[in-house]
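Let's take a friendly tour of one protein model. Have a look at the sequence and the fold first, then read on.

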Amino acid sequence: MHRNNEKPSYDRRHPGMIQGVISNRGKKANEKVKGSDSNPFCPPPAHIQQKKVAGRHIVFPSSASSNSLPSTPTYSSNAMALANHTDSGSGDMEVGSNLAIASNEQHMKHLAPPAMQLPLIHSTSNVNMAQECLQQVDSSLSSNMSILTGNTSSEQRTSKDYYFDSYSHHGIHEEMLKDEVRTKTYQAAILKNRHIFKDKVVLDVGCGTGILSMFAAQAGAKHVYGVDSSGIIEQARHIVARNGFQARISLIHGKIEEVELPVQSVDIIISEWMGYFLLYESMLDTVLFARDKWLTKDPKSPGVIFPDKAVMFIGAIENTTDGIKSDRVDFWKNVYGFDMSPIKDIAIQEPIVDIVSPKAVISDCTPILTLDLLKCTKENLTFKSRFCLEASRNDYLSGFVSYFEVGFTQIHKPIGFSTAPFSKYTHWKQTLFFLEKEHCICKGEHIKGEISCAPNRNNPRDLDISINVEINGKYSTLRSSLNYKLR
């Protein structure tokens, strides 16, 4: 269980735990920002710059672990160097170059098919109809099994197939690949560290279209094994062959927990496992399984994971700037003159994934979860963490925003990206938790709370999240416990 009971003792307006650079996403909440060729990061708005500790970026303390949060950070004049660097890399994290601070591929749920209704048989005339329906059921099950086992070609697939295997459709991969912050960060981390990949055996967990596998082969890997359980691997094999990597990239269809590799161990694991709220869809479990089973334990040449660090943050937000709560939750109070509040009661319990304007953030942002993928365990992914936020201005508290940052720190010059509201757009956007009512908050007042997160018992891919909030302010007093379900 991850806990942090220490009261924040330092200014963390926009800490940038991993990347150390905060950027503005533009004038509009849904507008992507393009930086210059030399520095794609755009500067934060003036009101944010004034609240930052000038020229300083938080550095992981050397004692940081997978199940504890940093208590007293140190500072670096350039950018953050993450703790526990291996011999393969050290120094400050790279700022700028071809990177853009990024966000998460859209993770979609695997949904169950609607039940087919069979007609009641009251006479002989209905027998044929019933038999036809049974044949349809059998055909549907066969089709579903084909897509799950990879035996259905792209020409034969229908929306019914993608219903079971959403990652087979190219659309979701298009969105991820077009997320330049995400893809270019991985590209730079791999191709700028050819000395790490040269003649090494690499495992790509959840390889998708094979983009990371091809980066690794391009960087000089001896052989790359890509594993994916979705039907997209059919196209990935053609992509690998078309680009001339078929001799050095082997793609395996199946779950990482069930497949066997033709090697005893691998030197490097690469994976893009992050979901909404960092942990949604529980793919990190799979990466940790692969780490424990295959990553080399050789002390002379320790195994490497790309990326190896992740930090999740929480901050307070108001609703006036973006109006997200008004559009997505309060909307149900009056729908074309009808009161649909029963749906509002459900909507308020579901976190909203959307783009938040930097101006909507009304407090500092503090870490609630720190993960070191070389050390953390599956149990660390069920966590509870206390937080204390300081209001940066007089405003009305509507809820909380959560975002994450990841880092590649086992390389020559550590780099990373952020999904913060102050950074360039990523497909992960931010995750929002709204309160039932707004609460008046004054500058300097504290919003204390505790957030807990655990996989849903019925579907571990979903998350059950609880937030306890306490405010003792000049105009507002609040003690509330709120339960959310990220589905």
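Which residues have the most contacts inside the largest nonpolar core? They are Phe-197, Leu-203, Phe-277, Leu-278, Phe-306 and Leu-371, and the core has 92 residues. Before we dig in, keep in mind that this is a predicted model: local features need pLDDT of at least 70, side-chain atom pairs count only at pLDDT 80 or more, and totals for chains, interfaces and linings use all residues. Residues are numbered from 1 along each chain as its sequence is written, and side-chain values use heavy atoms, with hydrogens and water left out.

**The big picture**
- The protein has eleven helices and 17 strands. Both are DSSP runs numbered from the N terminus: helices are H or I with at least four residues, strands are E with at least two.
- Of the 487 residues, 54% are buried. Buried means under 20% relative accessible area, exposed means over 50%, and partly exposed is in between (1.4 Å probe, protein chains only).
- Take the contacts (heavy atoms within 4.5 Å) between residues at least 6 apart in sequence: 74% of them join residues at least 24 apart.

**The cores**
- A nonpolar core is a set of buried Ala, Val, Leu, Ile, Met, Phe, Trp, Tyr and Cys residues joined through side-chain atoms within 4.5 Å.
- In the largest core, with its 92 residues, helix α5 (residues 180-191) gives the largest share, six residues.
- Leu-278 touches Trp-273, Ala-310, Met-312, Leu-369, Leu-371 and Phe-404, leaving aside its neighbours within four places in sequence.
- There's also a second, separate core of 17 residues, with Phe-313, Val-356, Cys-365 and Ala-420 among them.

**A four-stranded sheet**
- Four strands form an open sheet in the order β11-β15-β16-β17, paired antiparallel. Two strands pair if DSSP finds at least two bridges between them.
- β11 (383-390) and β17 (477-486) are the edge strands, each with a single partner, so one side of each has no neighbour in the sheet.
- β11 and β15 (residues 446-455) pair in the antiparallel sense over eight bridges.
- Not counting residues up to four places away in sequence, Ser-452 touches Phe-383, Lys-384, Asp-464, Ile-465 and Ser-466.
- Ser-452 and Asn-483 are 31 residues apart along the chain, and their C-alpha atoms are separated by 9.6 Å.

**Cysteines**
- How many disulfides are there? The count is zero, where a disulfide is a pair of cysteine sulfur atoms within 2.5 Å.
- For Cys-442, the nearest cysteine sulfur belongs to Cys-440 and is 5.0 Å away. Cys-442 counts as buried at 13% relative accessibility.
- Cys-207 is buried too, with a relative accessible area of 4%.

- A cis peptide bond joins Phe-306 and Pro-307, with omega at about -10°. Pro-307 is in the loop between β7 (304-306) and β8 (309-317).
- Asp-199 isn't glycine, yet its phi is positive, near 60°. Asp-199 lies in the loop between α6 (194-197) and β3 (201-205), and counts as exposed at 52% relative accessibility.
- Phe-277 has a positive phi as well, near 55°. Phe-277 is in the loop between β6 (268-271) and α9 (283-294), and counts as buried at 2% relative accessibility.
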